[in-house]
Amino acid sequence: MSVHLPPLPPTPGDGYQPAGRSIAATIAEEHQQLLELTHRLVEPGPDPAHGREILVAALSRHLSAEEQYLLPAVRQALPDADGPVAEVLAGDTALLMALRGLTDDRLAMVAQLVEAHVTAVDALVQRLCDAATEEELVRLGNRLEIAEEAAPTRPHPGVPHTPPWNRIVEPAVALVDKLRDAVTGRHTQLSELKDLPPR
């Protein structure tokens, strides 16, 4: 295996394929949705209802999950990935800082940071797809989706961004975020917006 993951339990017969979506498919779809939302928020015209708070929550979850599973897998699978991964992490920190207290005048900057993130991460995902097996990509996709469910919904640029500490700290921080979201009635899901590509 090119990406270290805990072994699957034994299964009868060869050719077993775990259920789920590839990490590449999940990230590509999320990137498309995030780009669409940032463009809708920046373009002249009526903003989607709750668009900014949903953008903050969706990006916070997305970046957290990528940092927990995608970037460590890229580092392990690609011998020369330390530099590009460090650049993605620096960009993620800048993006999280920009999301704190997001206002209309910073939306254009956030849109540029999201585009830079998508470009950098998509290149790493393509290289990971070339190095990993389909089974590994599906198993990573499953972990990414689980991590997003337990990820913070607000930007926390000061928390650790690399395993193992981010996998320990971020779910605890997320509990506080989700409690605050419930109390304030904050919107946090891309599915709450109309006319975005389906997930």
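This is a predicted model: local features need pLDDT of at least 70, side-chain atom pairs count only at pLDDT 80 or more; totals for chains, interfaces and linings use all residues.
Visitor: Why is Leu55 called buried?

Guide: Buried means a relative accessible area under 20%, exposed means over 50%, and partly exposed lies in between, with a 1.4 Å probe and protein chains only. Leu55, which is found in helix H2, has a relative accessible area of 0%, and it is therefore called buried. For the chain as a whole, 46% of the 199 residues count as buried.

Visitor: What makes Ala77 buried, when its value is 16%?

Guide: Ala77 also lies in helix H2, and because 16% falls under the 20% limit, Ala77 is buried. The C-alpha atom of Ala77 is separated by 9.0 Å from that of Arg127, 50 residues apart along the chain.

Visitor: Which residues does Leu55 touch, and what makes a pair of residues a contact?

Guide: A contact requires heavy atoms within 4.5 Å. Setting aside residues up to four places away in sequence, Leu55 touches Leu34, Leu37, Thr38, Leu41, Leu102, Leu107 and Val110. As for C-alpha distance, Leu55 and Thr188 are 7.8 Å apart in space although 133 residues apart in sequence. Across the chain, of the contacts with a separation of 6 or more, 79% come from residues 24 or more positions apart.

Visitor: Why are H1 and H2 described as roughly antiparallel?

Guide: Axes are lines fitted to C-alpha atoms, for helices over the stretch in contact, and angles run from 0 to 180 degrees between N-to-C directions. Angles under 35 degrees count as roughly parallel, over 145 as roughly antiparallel, 65 to 115 as roughly perpendicular, and the rest as oblique. The axes of helix H1 (residues 23–42) and H2 cross at roughly 155 degrees and come within 11 Å, and H1 and H2 are therefore roughly antiparallel.

Visitor: How do you know which class the residues between H1 and H2 belong to?

Guide: Ala, Val, Leu, Ile, Met, Phe, Trp, Tyr, Cys and Pro count as nonpolar, Asp, Glu, Lys and Arg as charged, and the others, Gly among them, as polar. The residues that meet include Ile23, Ile27 and Glu30 in H1 and Gly51, Arg52 and Ile54 in H2. By class, this contact of H1 with H2 has 10 nonpolar, 4 polar and 3 charged residues.

Visitor: What makes the pair H2 and H5 roughly antiparallel, and which hand does their crossing have?

Guide: Helix H2 (residues 51–77) and H5 pack at an angle of about 150 degrees, with their axes 8 Å apart, and H2 and H5 are therefore roughly antiparallel to each other. A crossing is left-handed if the near helix is turned anticlockwise from the far one by less than a right angle, and right-handed if clockwise; the crossing of H2 and H5 is right-handed. Among the residues making the contact are Arg61, His62 and Ala65 of H2 and Leu140 and Arg143 of H5, and the residues of the contact divide into 6 nonpolar, 2 polar and 4 charged.

Visitor: Why is Thr153 called buried, and where does Thr153 lie?

Guide: Thr153 has its place in the loop between H5 and H6, and because its relative accessible area is 2%, Thr153 is buried. Thr153 is in contact with residues including Val56, Ala57, Ser60 and Lys178, leaving aside neighbours within four places in sequence.

Visitor: Which peptide bond is cis?

Guide: The bond from Pro163 to Pro164 is cis, with omega near 5 degrees, and Pro164 lies in the loop between helix H5 (134–149) and helix H6 (165–184). Most peptide bonds are trans.

Conventions: Residues are numbered from 1 along each chain as its sequence is written. Side-chain values use heavy atoms; hydrogens and water are left out. Helices (H or I, at least four residues) and strands (E, at least two) are DSSP runs, numbered from the N terminus.
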